[in-house]
Amino acid sequence: MPGGSSVPILPANLITKTAEGTDRLMTYESLAEGGFASGSMLGSGGFIVFDEDQCIVRNTWNFARFYAHESCGQCSPCREGTGWMEKVLRRLEHGQGHMHDIDLLAEINKKIEGNTICPLGDAAAWPVAAAIRHFREEFEWHVTHPDEAVKRNFGIASNHMPLV
Amino acid sequence: MESLSNRKKVVSNKKMTFMEKMYFPAIWSGMMITLKHVFKKHNTVKYPEVKREFAPVYRGQHVLKRDEEGRENCTACGLCAVACPAEAITMTSEERKKGEEHLYREEKYASTYEINMLRCIFCGLCEEACPKEAIFLTDRIVPTYFERNDFIYGKDKLVEPVDQRVDISKRQLTGKRPA
Amino acid sequence: MVKVIIDDIEVEVEPGTTILNAARKIGGDVVPPAMCYYSKLQGSGGKCRTCLVEVAAGSAADPRPMPKLVASCSTPVMDGMVVKNKTSERVYDNRAAVTEFLLINHPLDCPICDQAGECHLQDLGFEHGKEGTRYEEKRRTFDPIDIGDKIKLHMNRCILCYRCVYTANQLTDQRVHGVMHRGDHAEISTYIEKAIDNDFSGNVIDVCPVGALTDKTFRFKSRVWFLKPMEASCECTKCAGKAVVWMFGDEIYRVTGRKDKYGEIEDIDGKTAWICNECRFDKKDKTKWKIEGPRVINRHSVIAQNQYVVDERLETKKLTGK
């Protein structure tokens, strides 16, 4: 995840190589290649690396929680949208989600993005949208395996704050 | 001028023939029709000994429903009164006080609710307007009285008693919107 | 003067006018809905995002379209700007989304709410809302609070438009009313429920687009569509005394300011006709008011329902076009 928590997350194959097959460099231009479909942004310049044990849903929820907490509450798409997204992701992570929740999340994202006063709304929407775009099967796994989703949560986030 | 509806008939005053002047054949054929109907199935029922079955959406006397816990559904929103084409409904509202939560479902309730059954045309628009599923028309018939004032039904006659619920499940099924 | 085209209608406005006010100059259904913008309050607007419009061409000098939808209440017009409101599919979609966002934490207790019938959120929901909800969680709830002895705050219904905060700031001497917390648990508060005792604090009721702030002297007394709004004036030392009294028979049920078709208090003699608390809450006696005549109400409003009396002034308006 290049550029801090507010930019689209990329899977390993897209962070090393662009969609066209050229090498990805840690520059603003190279990371932006391919737009949001297969690219990302360098943003603040810091980056987060997740290994394959990390739960994407868990991390996405973590980001959403952060943005819901940080939303100032002035404009309605951000105030209501970030809170809503956080609740849906919390449900998914706790194994209480449905398949239509994933589409709902994608839809909420699209409606927050660009409709807010400040870019916090965009920043809240992009990581969630990208996580669904690139790691949809992980979200689906949380819906189809609700019990395992609660018990088997690998990675740092789980150690820090276990679900059960 | 030619009639546009094509249903105009010109009245003629023609001379009757000899057979027509006799009248008896015409009376005879008329009596035969009457006789035929004596043996046919009757179209009327002998009310009140026999009662006709009502359609599930029959619109008779109103009922103000309570929910499962026995609390009144009506919140005195006034939509029935504004929908009523006959201006038959009137009400006053009051705020629910502490300790009355078991009586009224929402924080506002109708302290009085009157339907003038003489004005009511039983069109069912109040039932359609109600957002709280509180008012329904039932298959009960409003009786007759000698005084006009008796036709003004207050809450005592309209709200269903807790132990004698009025079944409106049939009309609820017919009115449901498709999901 | 600059020329702008809104929904294929050209209009000339002063430089620095916002898109929303340019659209209001045209009038009709070109005007985007506004929940938070209030032209009489400085600094309001930009928050609710229901007035979003698409700018198809930025200006004559730079005709590129703007990538994002812009809030029409806070974006000034440029010469040669082309704006799309109701002709744009994107605007409609996003407005529907904003409506959904506003409604997910709204209790939808319109049958109880005193604002029903003159509520902007109802109008917005009627035009842009969906029938069902996709929100499965529990809605945010608060207990109703008394702000002073005349105003009731239902925080459940609040859409955080900040209009009342600006009113408290700009109309009253000392502000004891603001927004606490942030994000989706932000709430309007008077700092530990401190009562507002100011002569003009009652105007927060008039500016509230929803039923969050309501008049306690009118609470649950009747529904607005059963009352007859009459223009009335009185001798008042604190305010202009021009108001609308809502009558039921010979009784005055409530008093409000004179609101125009956008729900804003009208200007009378060049001054916004805010009314004071004494006129609003205490003068419920018909003898204290000089009734001038019926208030013109939009024919499509529920308030105009079942009022069979022909409004003569409305008829002459139709005939003369004035």
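The paragraphs below go through the chains of this predicted model one after another and then through the places where they meet. Because the model is predicted, local features are described where pLDDT is at least 70 and side-chain atom pairs count at pLDDT 80 or more, whereas totals for chains, interfaces and linings use all residues. Residues are numbered from 1 along each chain as its sequence is written, and chains are lettered from A, with ligands numbered from 1, in the order in which they are written.

Chain A has 10 helices and 0 strands, where helices (H or I, at least four residues) and strands (E, at least two) are DSSP runs numbered from the N terminus. Its pattern along the sequence is therefore α-α-α-α-α-α-α-α-α-α. The radius of gyration of chain A is 15 Å, which agrees with the value near 15 Å that a compact globule of 164 residues would have; this radius is taken over C-alpha atoms, and the globule rule is 2.2 Å times the number of residues to the power 0.38. Along its principal axes, the C-alpha trace of chain A spans about 40 × 40 × 30 Å. Of the 164 residues, 40% count as buried, a residue being buried if 20 or more other C-beta atoms lie within 10 Å of its own, exposed if 12 or fewer do, and partly exposed in between, with C-beta atoms placed from the backbone. Among the contacts of chain A between residues at least 6 apart in sequence, 66% join residues at least 24 apart, a contact being two residues whose C-beta atoms, placed from the backbone, lie within 7 Å.

Chain B contains 6 helices and 5 strands, and from the N terminus on its elements run α-α-β-α-β-β-α-β-β-α-α. The radius of gyration of chain B is 27 Å, well over the 16 Å that the globule rule gives for 179 residues, so chain B is more spread out than a compact globule. The C-alpha trace of chain B spans about 90 × 50 × 45 Å along its principal axes, and buried residues make up 20% of its 179 residues. Of the contacts in chain B with a separation of 6 or more, 75% are between residues 24 or more positions apart.

Within chain B, 3 strands form an open sheet in the order S2-S3-S5, with antiparallel pairing; two strands are said to pair if DSSP finds at least two bridges between them. Strand S2 (89-95) and strand S5 (152-153) of chain B stand at the edges with a single partner strand each, so one side of each is left without a neighbour in the sheet. Between S2(B) and strand S3 (residues 108-116) of chain B there are 7 bridges, and B:Ile89 has B:Ile115 in S3(B) as its bridge partner.

Chain C is divided into domain 1 (2-98), domain 2 (108-120 + 139-215) and domain 3 (224-320), with bounds that come from an automatic or database domain assignment. The centres of domain 1 and domain 3 of chain C, taken over C-alpha atoms, are 31 Å apart. In chain C, strand S11 (residues 228-233) runs antiparallel to strand S12 (residues 242-248), to which 6 bridges join it, and C:Pro229 stands opposite C:Trp246 in S12(C). S11(C) also pairs in the antiparallel sense with strand S16 (residues 290-294) of chain C, over 4 bridges, where C:Ala232 has C:Ile291 as its bridge partner.

Turning to the places where chains meet, the most contacts among the 2 pairs of chains that touch are between chains A and C. In that pair, 21 residues of chain A are in contact with 23 residues of chain C. The elements that give two or more residues to this side of chain A are helix H4 (56-70), helix H5 (76-93) and helix H6 (99-112) of chain A, and H5(A) provides the largest share, 9 residues. By class, this side of chain A has 7 nonpolar, 10 polar and 4 charged residues, where Ala, Val, Leu, Ile, Met, Phe, Trp, Tyr, Cys and Pro count as nonpolar, Asp, Glu, Lys and Arg as charged, and the others, Gly among them, as polar.

In the other pair, 9 residues of chain C are in contact with 12 residues of chain B, and the side of chain C that touches chain B has 5 nonpolar, 2 polar and 2 charged residues. Chain A and chain B do not touch, and their nearest C-alpha atoms are 17 Å apart.
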